[in-house]
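Subject: Structure handover

Hi,

Here is the structure, with its sequence, for your files. Please open it first; my notes follow below.

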Amino acid sequence: MHAFEAEHGIVLPEPYRTFVAEICDGSDSGPPGYGLVPLAELPGDWGDDRPRRVLAQPFPLTKMWMWEEDPRPQEEVDPVLEQVYDHGSIVLGTDGCAMYWHLIISGPHRGHVWQISGEGAVPFGAEFGFTTGNPGFAGWVRHWAAGKPWFDAA
């Protein structure tokens, strides 16, 4: 873990940092649906032709963004979209169908978990209005362990 942090110029947020160091680094049983990937890895369906991830660069979002509904031209959306996928987060795993869970490690939403899919990006946590779960890694894991749907807010 220390080598990973030094290599990327970051410090992982708690409680994820302690979880990886003291409990386990990855899990086949989840969360999410296809398991929690080890710290230095990416899900198998991530793709080999993607740009290098820059973890120390801030994650660019602070609220939900559905880029499929963004009225701006694609040439304006694409640079921000690349940052959403590749800056300021580690990928926790996937629920399949290009739905990835990211732990934000730099920027204003440090410590929060986001779902990033082909349609948009949504923060996890009751304060954002999409779920009853508590924000952050611990809230995300507790929500999954309780067997609740990810987005269970009415």
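**Salt bridges**

Asp70 is buried, with a relative accessible area of 16%. Here buried means under 20% relative accessible area, exposed means over 50%, and partly exposed lies in between (1.4 Å probe, protein chains only).

Two points on the source. This is a predicted model: local features need pLDDT of at least 70 and side-chain atom pairs count only at pLDDT 80 or more, while totals for chains, interfaces and linings use all residues. Residues are numbered from 1 along each chain as its sequence is written, and side-chain values use heavy atoms, with hydrogens and water left out.

Back to Asp70. Its side chain meets that of Arg72 in a salt bridge, at 2.8 Å from N to O. The cut-off for a salt bridge is a side-chain nitrogen of Lys or Arg within 4 Å of a carboxyl oxygen of Asp or Glu. Arg72 is partly exposed, at 35% relative accessibility.

How many salt bridges does a search of the whole structure find? Four. Glu5 and Arg17 form one of them, with the closest N and O atoms 2.7 Å apart. Glu5 sits in helix α1 (residues 2-8) and Arg17 in helix α2 (residues 16-23), so this pair ties together parts that are 12 residues apart in sequence. Helices are DSSP runs of H or I of at least four residues, strands are runs of E of at least two, and both are numbered from the N terminus. Glu5 is buried, with a relative accessible area of 6%.

Arg50 and Asp86 also meet through their side chains, at 3.1 Å from N to O. Arg50 lies in the loop between α2 and α3 (74-86), and Asp86 lies in helix α3, so the pair ties together parts that are 36 residues apart in sequence. Arg50 is partly exposed, with a relative accessible area of 28%. Asp86 is buried, at 3%. A network of salt bridges links Arg50, Arg53 and Asp86.

**Cysteines**

Cys24 is partly exposed, with a relative accessible area of 25%. Cys97 counts as exposed, at 74%.

**Sheet**

Now the strands. Four of them make an open sheet in the order β1-β2-β3-β4, with antiparallel pairing. The edges are β1 (89-94) and β4 (121-123), each pairing on one side only. From one strand to the next, the twist averages 30°. Two strands count as paired if DSSP finds at least two bridges between them. Strands of a sheet pair through backbone hydrogen bonds, either parallel or antiparallel.

β2 and β3 run antiparallel and are joined by four bridges. Within that pairing, His102 has Trp114 in β3 as its bridge partner. Three bridges join β3 (residues 113-116) to β4, again antiparallel. Gln115 has Val122 in β4 as its bridge partner, and Ile116 stands opposite Ala121 in β4. A hairpin of four residues joins β3 to β4.

Which way do the β3 side chains point, and are they buried or exposed? Val113 and Gln115 point one way, Trp114 and Ile116 the other, and all are buried.

Helix α3 lies across β1, β2 (100-104), β3 and β4, running at about 80° to β2. Contact means heavy atoms within 4.5 Å. Axes are lines fitted to C-alpha atoms, for helices over the stretch in contact, and angles run from 0 to 180 degrees between N-to-C directions.

**Aromatics**

The count comes to 14 aromatic pairs. Rings of Phe, Tyr and Trp (its six-membered ring) pair if their centres lie within 6.5 Å; planes under 30 degrees apart count as stacked, over 60 as edge-to-face and the rest as tilted.

Look at Phe124 and Trp150. Their ring centres are 5.8 Å apart and their planes stand at 85°, so the pair is edge-to-face. Phe124 lies in the loop between β4 and α4 (136-145) and Trp150 in the segment after α4, so the pair ties together parts that are 26 residues apart in sequence. Phe124 is buried, at 0% relative accessibility. Trp150 is buried too, at 13%.

Both rings belong to one aromatic cluster, formed by Tyr16, Phe19, Trp101, Phe124, Phe137, Trp140, Trp150 and Phe151.

Best wishes
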